[in-house]
Structures are given as C-alpha cells and as structure tokens.
There are 6 protein chains.
Amino acid sequence: MRITVHRKAHFNAAHRLFRKEWDDDRNFEVFGKCSNPHYHGHNYELIVSVTGEPDPKTGFVMDLKILKELIYAEVEEALDHKNLNVEVPEFKDLIPTAENIAVVIWNKLRNKIQDGHDLEVTLYETPRNFVSYKGE
Amino acid sequence: MRITVHRKAHFNAAHRLFRKEWDDDRNFEVFGKCSNPHYHGHNYELIVSVTGEPDPKTGFVMDLKILKELIYAEVEEALDHKNLNVEVPEFKDLIPTAENIAVVIWNKLRNKIQDGHDLEVTLYETPRNFVSYKGE
Amino acid sequence: MRITVHRKAHFNAAHRLFRKEWDDDRNFEVFGKCSNPHYHGHNYELIVSVTGEPDPKTGFVMDLKILKELIYAEVEEALDHKNLNVEVPEFKDLIPTAENIAVVIWNKLRNKIQDGHDLEVTLYETPRNFVSYKGE
Amino acid sequence: MRITVHRKAHFNAAHRLFRKEWDDDRNFEVFGKCSNPHYHGHNYELIVSVTGEPDPKTGFVMDLKILKELIYAEVEEALDHKNLNVEVPEFKDLIPTAENIAVVIWNKLRNKIQDGHDLEVTLYETPRNFVSYKGE
Amino acid sequence: MRITVHRKAHFNAAHRLFRKEWDDDRNFEVFGKCSNPHYHGHNYELIVSVTGEPDPKTGFVMDLKILKELIYAEVEEALDHKNLNVEVPEFKDLIPTAENIAVVIWNKLRNKIQDGHDLEVTLYETPRNFVSYKGE
Amino acid sequence: MRITVHRKAHFNAAHRLFRKEWDDDRNFEVFGKCSNPHYHGHNYELIVSVTGEPDPKTGFVMDLKILKELIYAEVEEALDHKNLNVEVPEFKDLIPTAENIAVVIWNKLRNKIQDGHDLEVTLYETPRNFVSYKGE
C-alpha cells in the first residue's frame, strides 16, 4: 500500500536566463526579457511529494513536520531571497530555468529522503508556468 | 482511450493524532500539537479521480452528478462535521492521519465505482499538506 | 497618504456552536450539525489589515515581519490546534461563531497596533464562509 | 532525465450537452440542466503538460513562450468566446463534454509538439469538475 | 459593533453583449468577441456580503445556512445554466454586463435581507474581471 | 448608482529594500534579507479597481478591455521583468516597498482614468503580503 504525501513551500528569488557563450543579442533572441542583465524575480511555489508505505505505528508515510523542516534547511535556506545566478553555487554553470531549478532541488532532497521512498518536485515559477521532475 | 474525470468536494471534521498504547508524552513527542487531547480540526478538501473509457453515447467516463452524489452519500454523510476519532467507526483503532483518512475514503468508494475504472483520491488536510492514494 | 497593508495567516481549531441555556434539540435547531457535541473543526484563514501613513524613512506602514510575529504571538499561539470552546478563555461564555472569533482576534491585536492606525480582520471559516470586522 | 513543463491558459465558451437521436426528455434525463437548449457556458481553465529531456543549451524542455503561442493559435483562437456546438466543427457530431473537449484539444496540439515528447491536457470545466487526457 | 458576513456561491450561464439598436458592426466595435451572436459563457463566482450587528443569542449577524438557501432560491434558480439574454426576464432590455448582472442580483436579494443590514455583491465574470455593488 | 469594476494583472520584477544613507548593517537590521545587495524578486499580482456610474448605453463603468490595455501600457511595460531599483526611474530615490510600488502604480494610472471615477490599487507582493491604496 503506497501513498504519496505532499508538502507545499515557497521562496522568492531573482534570476536571469542567459548563456555565457552567447552575446546579448543571441540571449535576447532565445530568452526574451528573461535575459534582462539587471535580473527579475519570482515567488516560487514548491510542492515536494514523497511516496511510500505508511508506518503502521504512526500512520505516516513521512512526518510532514520533518519534511517541512527538511525543505526549510535544504531549499529555503539555500534559495530564498537569493540571486540564483550570483549566490547559488549550483547555477554557476547552469542556467536557472524552472527545469534546472527543479532538478537542483530534487538532488538536494533525494539523499535526505528514506531509501525506497519515491520523490517528485513540482515548481511553480508563475501561477501559469510550472514544471515537475521525479528523477527518471 | 482512457480519460480521468475529477470531482472536488470538502468536509469539516475534528480529530487528534495519538496512539492508545503510548502515554501522552510519547504521543506529544511523535505527533506534536496534533495530539492535543481536546482535538483540533480541518476543512478537508477532497479530489476523487476516476479513469476509464468514455461512454460513446454520452461522452462521459462517469456522470459527474452521480459522482457528486456518491461522494456526498459515502464520504460527506460519514465524515462531515464529525469527530473522526469518536464518531467514525473506521478510526476506532486507526489513527486519523491524512494518509489513513485517504485510504478509508478510497475503500468506501471503490466498490461503488464501475469495475475496470481506476480510482484515486487526493485529500488536502491544509492548503500546504496533502496526500494521494490510488489503491496500489 | 494612507495605505493599507495586509498579512495572511492561518490556524486550525476545533469548535462547536451551542448555547448552554438551550437543550440539545434547540441547539440543533439553531446551529444544525455545527452543534455536534463531539466538535468539528476548520482551517481558519486570517487576513489582518492595518491602515496608516507609510514611514518616510522605511516606506513601511508597518513592518510585515513584525505584523507576522505579532499574529503568531497573539493569535496562533492562543488558537492554533486548540479546542476553542474548552481551551480558549475568551469563549468560556461566548459562542465561537466566526463573527465572535473575529472580534476576539481584533481585541487581541488592537492595543498592539500603533495608535492612529486602523485595524481590520477578515476570517475565513471555510473557503465559502467568511467574516470581517473593523471595530466600528 | 525527463521533466514535465506545464502551461496554464483559459477560454470562455457556451455549450449544451444533448444527443441528436434522443428527444428533449431523454436528453434532460441524461444530461440534466446541461441540456438546456438555450445553452449555458463556462470559463474553461486548461493546463497543457509536455514531458521530455531539457535541451542542454537552453535548459528548456520546450520554450514556454512558444507553448503559450501554440495554445493561443490552436486552442484559444478556435474555442474562446465560441458556441462549441454551433461554431466548432469538431463538435458537429460529438457532444462537447469536458472529456471530449479535452480529446479535441489534445488532437489539435499533438502534431505541433516535438516527436518523443509526451503530451497531457487537463481541462477544468468548473473549479470542482475537471478531466485529464494523455492520449493513451 | 457591526460585522460583515460573506457567503460565496457560483453559477454557470451563457450570454452575449449587444445593443439591439446597433447593427452587428457597431456591436462588435464596442463589445468585441463578447458580442458573438451564438453566445459564450462563464462560471460566475458570487460573493454576497451582509453587514449588521451580531445577534447576542446566537453570535450570528445572519445564519449563513439561511443566506446560502436565499442565494440558491433567488440567484442560482434564476440564473444557473441559463442563457441570460434569452431566459432571464431582467435582461430583456438590459445588456448582461457583469455590472448589470451584479445590480440585478443585488435587487433580487435586497428585500429578503433584514432592514438595517447593509448588502454588497461581488461578481467574478472571470478570475481576472470582477465587479462589486453596494446599492449606493 | 456607483459600481466598482476590478481587473487583475501581474508582473515579475527584482528589487531590494535599502536606504542609501544607511550602511549595510543598518539596512539588514531594518529590512532583513530583503536588503540582499544581489536582489531577490517577486511575482506581483495587481488588482486595479475603478468606481463610477455605468454608461447607460453599454452597461460598462469602464470597458475592461481598455483597462487591461491601460494596465499593460502604463504598468506592465514599465515594471515587468525589470529590476525596480536600477531600471525604474520612480525608484531612483524611493525604496521599492510594496507600499511605494502601489503608490507609483496609482499615480501612473490616475490621470488616464476618467474624472469622477475613483481608483484603487491592490498589490500582492506574495500571496501572504499585500497592500492597497486609494489616493486618500
């Protein structure tokens, strides 16, 4: 009997999309106003989903208080109120698209989640644009 | 051609999380303020999802009016404005975590849904904490 | 130049609506299933709104971090995961309707908010039922 | 490494549910007030989900600006502010249930999406009734 | 001590915006695709707000169950799943803009609400377009 | 008969809160992590509300298509995907708090709105923090 538990969190960050090897015109052509060199930002909404068997003693797949603290320690401390391009090492050579941010978050959380439990992250960049990744 | 139809419903209930074999300290250690002996409560939001082939005559996988009535009769009548621990027989010996409530709801609905149709339930305990279960 | 700043918070609680002087039948007649003696509960969503002149030095009517902490200390600590009828002194002789909870919250916050600033509270008992009170 | 990107859109349309071969009584029996001959309508909310490998150069599974334009050209231009029964050729002999509208939208988009990418559409007819289809 | 209680409801309807004295070109110029002669439709979300003194016996400004039934009887029965232009007498000579629908709803409810209580209606035509009216 | 029409819009931007005359420590003390010199950002949600008499010919207080275009031209073009501190002249000597951004938006729109119509703007910096301003 496998159940999925989900926890919602959020963080605010600045970013810009650009590829160092390309000049400003090429970046603007590909990334549009998201390549603005002065940055722009988002309220990122994050859903972390963990699938596994509930513990027969507690009825919990995973204590959501612990998941909440884990998201705080691993994700919010690292990304909240940060400039992703400048201050977050994972994006030194990786463009902070929603896709790549989701993969970075998944990697930060994966080895903190119990073996045998599945992990998926869904990241809203805006209420209309979002991505999901489950490590496959 | 398989399509999923989803119906959203809600109910309000009181509960507490505690394990009879454990004393109050142990319960507080595991369940925190959710173990408050005087109960607390939630507006539970429920999404019931049924997957199957649409009927070629009606274009419906399942008439959502019927699904609405089914959720009312099987779930809302049983759980709405109730104290889950005290008044709902399924939780006599089962801790009413979101995970367990989702399984109880799935079991209540499964044999009312057409054979060959898949069933999934998603249950929001709060806007930030939710679970999903599809009987696997 | 008067601006209103709003801060959203939430808490979960159990309650029942009943009037001690009335018997169960009369209570059920007036309050319906909300009078269930075993309690039910809600995820209360709260919006606290403060109106005043922004401070020319900070551009803040009121620092929302401070308002957040104030709501936590005065409202969430007092009401979250509580049984309103049993554990909250203000409801010893006051029925915990949404209207009365809103007035209790307003009274708890009023003297912590700067003189000359106006205060309004909006309280969602469910996504479809809510109340607002501004102390008039 | 497969990631899903999602884009939300909406359109408003009128429709009625009825089967030409059936008389009004039979239609009312099956479709209830949705069979009203004078039509009624909805704000349809649409989520289009595309799954594939991110492009290593851009970090995009699919540029969401392009997906937005594609949804506009293929779905909104065809369905927004339209009477689905009268003005949309696909529903000449197909009842515009949410299920069928989702399949029609999926078919409109499928051959515009890169081969090897998976496509799913989720369509909200109301905030409480919605369907999803992934072409299986 | 005056408190406002709010109740949310919804209904689905078809309409078109056009002025009989104007030809189709003029109507299209003023109302755009909202003047489509085959109609389009919306999920209207309605908030009804009643302001007054709470009853000291019940703690209610107005029993929200009664307000819910009143909205059902006066508004939903009259407008839900209807074609506003064709089937609702109030719009025989009145264009069913969101503004006018809000006024019609306010007028339907006003004399059912206790004297001395204030009434306001807020009507969402789409999640981005809405109107409010308080009879002033 | 005065009615309020509301139109919702959004824009994404980067900002930081700091006062030039203060050193970094003092800025951090007052503005916390919002003073991060590398900026952070938000998805700002904006509601623009215009109150007036509906035009008896059209039933509109103000054509919402025109209001939508006005918000696009005056607000989104100026602020979307911008660094408020660096690229928006109004914030050269004004701290871009939500309060001040709301006032700047109100001033941009006021003289484009018909005389005699009232104007209010509500600005969400996050789903939990928002401000409103009506020019009083």
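Reply: Helix 2 of chain C and helix 4 of chain C lie oblique to each other, a word used for angles that are neither under 35 degrees (roughly parallel), nor over 145 (roughly antiparallel), nor 65 to 115 (roughly perpendicular). This is a predicted model, in which local features need pLDDT of at least 70 and side-chain atom pairs count only at pLDDT 80 or more, whereas totals for chains, interfaces and linings use all residues. Residues are numbered from 1 along each chain as its sequence is written, chains are lettered from A and ligands numbered from 1 in the order in which they are written, and side-chain values use heavy atoms, with hydrogens and water left out.

Two packed helices are described by the angle between their axes and the distance between the axes. Here, the axes of helix 2 (residues 64-79) and helix 4 (residues 98-110) of chain C come within 10 Å and cross at roughly 140 degrees; the axes are lines fitted to C-alpha atoms, for helices over the stretch in contact, and angles run from 0 to 180 degrees between N-to-C directions. Helices (H or I, at least four residues) and strands (E, at least two) are DSSP runs, numbered from the N terminus. The crossing of the two helices is right-handed, that is, the near helix is turned clockwise from the far one by less than a right angle.

On the side of helix 2 of chain C, the contact (heavy atoms within 4.5 Å) is made by Leu70(C), Glu74(C), Val75(C), Ala78(C) and Leu79(C), while helix 4 of chain C brings Ile101(C), Ile105(C), Lys108(C) and Leu109(C). By class, this contact has 7 nonpolar, no polar and 2 charged residues, where Ala, Val, Leu, Ile, Met, Phe, Trp, Tyr, Cys and Pro count as nonpolar, Asp, Glu, Lys and Arg as charged, and the others, Gly among them, as polar.

As for the setting, chain C can be laid on chain B with an RMSD of 0.0 Å by a turn of 180 degrees and a shift of 0.0 Å along the axis, the copies being superposed by least squares on the C-alpha atoms of residues with pLDDT of at least 70 in both. The two copies are thus related as by a two-fold rotation axis. Both use the same surface, since 100% of the contact residues of chain C recur in chain B.
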